[in-house]
Amino acid sequence: MKLHNRVNSEELRQKLLEDKTERTTLSFYKYYQIKNPKLFRDHLYLNWSRIGVLGRIYVAHEGVNGQLSVPSKNMVKFQKAFDDILFFKGERLNIAIDDDGKSFFKLQVKIKGKIVADGLDDKSFDVTNRGVHLDAEAFNEITDHDNTVLIDMRNHYETEVGYFDGAIRPDVETFREALPKVEEMLDSDKEKNIVMYCTGGIRCEKASAYYKHKGFKNVYQLDGGIIEYARQAKKKGLKNKFIGKNFVFDERMGEKISNDVIANCHQCGKLCDDHLNCLNDACHILFIQCEACGEKYNKCCSTKCKDFNARPVEERNMLKGTIEFNGTKFGKGRYKAHKKDMDLEC
């Protein structure tokens, strides 16, 4: 059996859109010392592809990080395959809150240097010496205290559409930028309660260990991140302190946690929290666009990209690399919004 997908991505995406199979989107992570990442990677691909798993999995010496879509009818089989891996057994699977079953269109299992890029020397701290895990109820309680500092460990394009009330939101593009910047933002009083959260918990797991290493005494993290918090709050009837949408790294781009829309279309300024990537592949910048602007600019981030995308394929391929667009340098949402005049060149 082939251990990589060889089918064209667009063909797979169209196939998924036409497929009526009910699917469940979930995520998990586990920090664990894996001696042979390649062997483990091949094991996952071989066994999980057999039961129809789609998604993105990163394997490194420090552990595994996965976001998956599983045929709902095969969830029992998947749970068994998951538990058959000894260091996975008993680990929680974060089930998506707002799920249309179209989150992934192929299975990718990649070997990485780290499952969370941090820019740090791996030997500088013990990632397993993590902060105290908080469930939704404990999180709500501790974040009501004056002695608590709440920190969003996610990136700017994630916090733009949703966040916990009262959280410090560093304006960063990557996790490796967040670690030193948050440290600068924290009060020098290392006795305060430092509470962190992220999408599913994986970034906070590493960040909490890092800040403990830096001398902060009372370090906490939201167990299971925003995904698990939303599930628990709904199930237990708890107050939901999260405002807006939770950005997710799959085809859905986000899941509603509250009905609040706190972001704006980057083009016209209308209330909107729908992320997409510019349809011009030579740009592909992540930005927020309302339905009206989507029609006006053909799902592109600017007139420049719209006009470029209207050219014949051969001409576009020839011109790629000679024109700079908003996303040419692969910025994550550092969008040059032309709210007053979108006909200006980007």
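Glu228 and Arg231 share helix H8 (residues 225-236), where they sit three residues apart, about one turn of the helix. An α-helix has 3.6 residues a turn, so residues three or four places apart point the same way. In this predicted model, the two side chains form a salt bridge, with the closest N and O atoms 2.7 Å apart.

Arg231 has a relative accessible area of 34%, so it is partly exposed.

## Other salt bridges

The salt bridges total 20. Some share partners: Glu62, Lys114, Asp118 and Lys206 are joined in this way into one network. Within it, the side chains of Lys114 and Asp118 meet at 2.4 Å, N to O. Lys114 and Asp118 are both buried.

Arg41 and Asp42 form another salt bridge. Their closest N and O atoms are 2.8 Å apart. Both of these residues are buried too.

## Helix H2 and its cover

Arg41 and Asp42 are among the buried residues of H2. Helix H2 covers residues 37-49, 13 residues in total. From first C-alpha to last, H2 reaches 18 Å, close to the 18 Å expected at 1.5 Å a residue.

What covers these buried residues? The cover includes strands E1, E2 (54-60), E3 and E5, along with helix H3 (75-83).

## The five-stranded sheet

E1, E2, E3 and E5 also belong to an open sheet of five strands, ordered E4-E1-E3-E2-E5. The pairing is mixed. Strands E4 (94-95) and E5 (107-111) stand at the edges. Each has a single partner strand, so one side of each is left without a neighbour in the sheet.

Strands E1 (residues 23-31) and E3 (residues 63-71) run antiparallel and are joined by nine bridges. Thr24 faces Val70 of E3 across this pairing. Helix H7 (residues 202-213) packs on the sheet and touches both E1 and E3. The direction of H7 makes about 15° with that of E1.

## Two nonpolar cores

In soluble globular proteins, nonpolar side chains tend to be buried together. Here the largest nonpolar core has 27 residues. Ile151, Met153, Met196 and Tyr211 have the most contacts inside it. Five elements each supply at least two residues of this core: E1, strand E7 (148-152), helix H6 (175-185), strand E9 (193-197) and H7. Which of them gives the largest share? H7 does, with six residues.

Beyond its neighbours within four places in sequence, Tyr211 is in contact with Met153, Ala178, Leu179, Val182, Glu183, Met196, Phe216 and Val219. A second core is separate and has 23 residues, including Val59, Met75, Phe78 and Ile85.

## A buried loop residue

Asn155 lies in the loop between E7 and helix H5 (156-159). Is Asn155 buried or exposed? With 5% relative accessibility, Asn155 counts as buried. Residues up to four places away in sequence aside, Asn155 touches Val172, Glu173, Thr174, Phe175 and Arg203.

Definitions and conventions: Residues are numbered from 1 along each chain as its sequence is written. This is a predicted model: local features need pLDDT of at least 70, side-chain atom pairs count only at pLDDT 80 or more; totals for chains, interfaces and linings use all residues. Side-chain values use heavy atoms; hydrogens and water are left out. Two strands pair if DSSP finds at least two bridges between them. Helices (H or I, at least four residues) and strands (E, at least two) are DSSP runs, numbered from the N terminus. Contact means heavy atoms within 4.5 Å. Axes are lines fitted to C-alpha atoms, for helices over the stretch in contact, and angles run from 0 to 180 degrees between N-to-C directions. A nonpolar core is a set of buried Ala, Val, Leu, Ile, Met, Phe, Trp, Tyr and Cys residues joined through side-chain atoms within 4.5 Å. Buried means under 20% relative accessible area, exposed over 50%, partly exposed in between (1.4 Å probe, protein chains only). The expected span of a helix is 1.5 Å times one less than its number of residues. A salt bridge is a side-chain nitrogen of Lys or Arg within 4 Å of a carboxyl oxygen of Asp or Glu.
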